Amino acid sequence: MFKNKKLNLIIVLTLMLSLCMSAFAVSFGATAEEKRKEAREAAKKAAAATENFEEAEKRLDALQAEIEQTKQKIEDTKVKIQKKKKEIKRQEADLDSRLTAMYKTGTVGYVDVILSSMSVEDLMTNIGMVQKILESDQKLLKKLEKQHKKLKQLEDSLEDQEIMLEAKEDETKELVKKYKAEADKYKAMEDQLLAEAAQLAAEAARHADNAEELIEANGGNLDTSAYTWPTKLNYTITSAYGWRICPFHGREFHDGLDICLTSNTFGSPVYAIADCMVTRASWYGGYGNCVTIECGNGYGALYGHLSSIAVSYGSYVPRGTVLGYIGSTGNSTGPHLHFMVFKNGATISPWSIY
């Protein structure tokens, strides 16, 4: 009697330990895969930020070259402005001298010019000369006025250019800093996530080894050379393993196969692909009603979107056991089985085991 109780206690403890080890293996494996997914997303963001950073650097280099060229043009223009100012100053001085002289002589100077004429011809010539001088001075005054306006506009334009270029340079430098910081942040995030994924995968592999020993102890078959298909054989694959455009998340890596039957998909049974331990039999986020199993040799599988579940967490089931029934729970656009295969905690193409 005592021996039987002791034996039963050992069996119970063994099964409990088996459940824990298997659950840990799939849990660590799934978490490692999630970390890898996050790392891939971080890598994408790092690549985009790096591309933006490099583009901003090119823009900054081009802008700095433009700034240097513009500064040289500004300096050349300033030299021209100084020359023009000297020319205007000289013309103003000449005009000022003539106007001063005319002011001092007044109309007498004009009369003297007429009276000094020796003949009618001289008179006409002298009058014409005075008129020309007056007309020339008027033109010079108008010309000087236009030159002053042009100089003012040129100086204002140069000042605006300098301010605009400085603002552009500051803005571009800020963009370079921003994208560089983003690239560094996402690269560091990717490295951290990959390190965490590697640690979790190693833990999954260690616990999977322990689970294998327990499966063998319970009479399970670890020969994975001939896995059975998880559904009836009249099936079609509606979404393969690999990159795809997801209706919920856009472009993503599809980590399994979406399997539909050619008839009566909804409610059809799904089967254990090998002797295994059930490590999940519950709702699992976007996978809806979900069953995960540990098959030994580092292999495991996930059955997602089930309408209902036919096994319980922690049970040991032989190959071909009905695990549940196809449905459309979780993130699903229609009845199908999402079938995922793990190797040492990382997803692999399900085709690789068949």
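Buried, in this talk, means under 20% relative accessible area, exposed means over 50%, and partly exposed is in between, all with a 1.4 Å probe and protein chains only. By that definition H305 is buried, at a relative accessible area of 5%.

Before going on, the ground rules. The model is predicted, so local features need pLDDT of at least 70 and side-chain atom pairs count only at pLDDT 80 or more, while totals for chains, interfaces and linings use all residues. Residues are numbered from 1 along each chain as its sequence is written, and side-chain values use heavy atoms, with hydrogens and water left out.

Now the overall layout. The protein has two helices and twelve strands. Here helices are DSSP runs of H or I with at least four residues, strands are runs of E with at least two, and both are numbered from the N terminus. In sequence order the pattern is α-α-β-β-β-β-β-β-β-β-β-β-β-β. Of the 354 residues, 38% are buried.

Next, backbone angles. H305, the buried residue I opened with, sits in strand β8, residues 299-309. Its phi is near 70 degrees, a positive value in a residue other than glycine. N264 also has a positive phi without being glycine, near 50 degrees. The setting of N264 is the loop between β4 (257-261) and β5 (269-271). N264 counts as exposed because its relative accessibility is 65%.

On to charge. Which residues form the negative surface patch? They are E75, D76, E159, D160, E162, E166 and D170. Two elements, α1 (2-115) and α2 (120-217), each give two or more residues to the patch. The largest share, five residues, comes from α2. A patch takes residues with over 30% relative accessible area and no salt bridge, joining like charges within 9 Å and nonpolar side chains (Val, Leu, Ile, Met, Phe, Trp, Tyr) within 5 Å. Asp and Glu count as negative, Lys and Arg as positive, and His and the chain ends are not counted. Each charge is placed at NZ of Lys, CZ of Arg, CG of Asp or CD of Glu.

D170 is in helix α2, and at 47% relative accessibility D170 is partly exposed. D170 and L60 are 110 residues apart in sequence, but their C-alpha atoms are 9.4 Å apart in space.

Last, salt bridges: a side-chain nitrogen of Lys or Arg within 4 Å of a carboxyl oxygen of Asp or Glu. How many are there by this rule? The count is one salt bridge. It joins the side chains of K177 and E174, at 3.8 Å from N to O. K177 and E174 are three residues apart in helix α2, so about one helical turn separates them. K177 counts as exposed, at 54% relative accessibility, whereas E174, at 48%, counts as partly exposed.

Notes. Accessible areas come from the Shrake-Rupley method with a 1.4 Å probe; for residues, only the protein chains shown count as cover.
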